[in-house]
Amino acid sequence: MPSEKSTRAWEAAYRQYGRAWETTARCGNGDPIAAHGMATASRAVAAAWRHIAAGTTLPWWALAAIESAAGAFESQARKYETVQASEGT
């Protein structure tokens, strides 16, 4: 079971992600400021997932799912970092 601190960090990261997603939905995928917000939020969610994986004794398949989720958010962060870099910010 994740610690209370890990759970709070995960919840905060997802709130940040939700706000960034809403901004991106309004501004569009090519907006460099929105892209920066999505990249930052995606990295925060990935870090929260990795922190949970490191601090728990879940079955291997649950840890694999958590690591997969973290990897997906890191991939998304790289996508938005590319958008941000292509816009010159």
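Predicted model: local features only at pLDDT ≥ 70, side-chain atom pairs only at ≥ 80, totals over all residues.
In soluble globular proteins, nonpolar side chains tend to be buried together.

Isoleucine 66 illustrates the packing. Leaving aside residues up to four places away in sequence, isoleucine 66 touches Trp49, Ile52, Ala53 and Leu58.

## Helix α2

Helix α2 runs over residues 32-54 and contains 23 residues. From its first C-alpha to its last it reaches 33 Å, close to the 33 Å expected at 1.5 Å a residue. At the start of α2, a side-chain oxygen of aspartate 31 comes to within 3.0 Å of the backbone nitrogen of isoleucine 33.

The buried residues of α2 are Ala34, Ala35, Met38, Ala39, Ala41, Ser42, Val45, Ala46, Ala48, Trp49, Ile52 and Ala53. Their cover includes α1 (4-27) and α3 (60-86).

## Overall architecture

The protein has 3 helices and 0 strands, following the pattern α-α-α along the sequence. Its C-alpha atoms fill a box of roughly 45 × 20 × 15 Å, taken along the principal axes. Among contacts with a separation of 6 or more, 71% are between residues 24 or more positions apart.

Of the 89 residues in the protein, 29% are buried. The protein exposes about 5,400 Å², and carbon and sulfur atoms supply 61% of that area.

Notes: Residues numbered from 1 in each chain as written. Heavy atoms only, no water. Helix = DSSP H or I, 4+ residues; strand = E, 2+ residues; numbered from the N terminus. Expected span 1.5 Å × (residues − 1). Buried < 20%, exposed > 50% of the residue type's maximum accessible area, 1.4 Å probe, protein only. Contact = heavy atoms within 4.5 Å. Polar contact = N/O pair within 3.5 Å; in protein donor to acceptor, adjacent residues only side chain to side chain. Areas by Shrake-Rupley, 256 points an atom, 1.4 Å probe, with all protein chains shown as cover.
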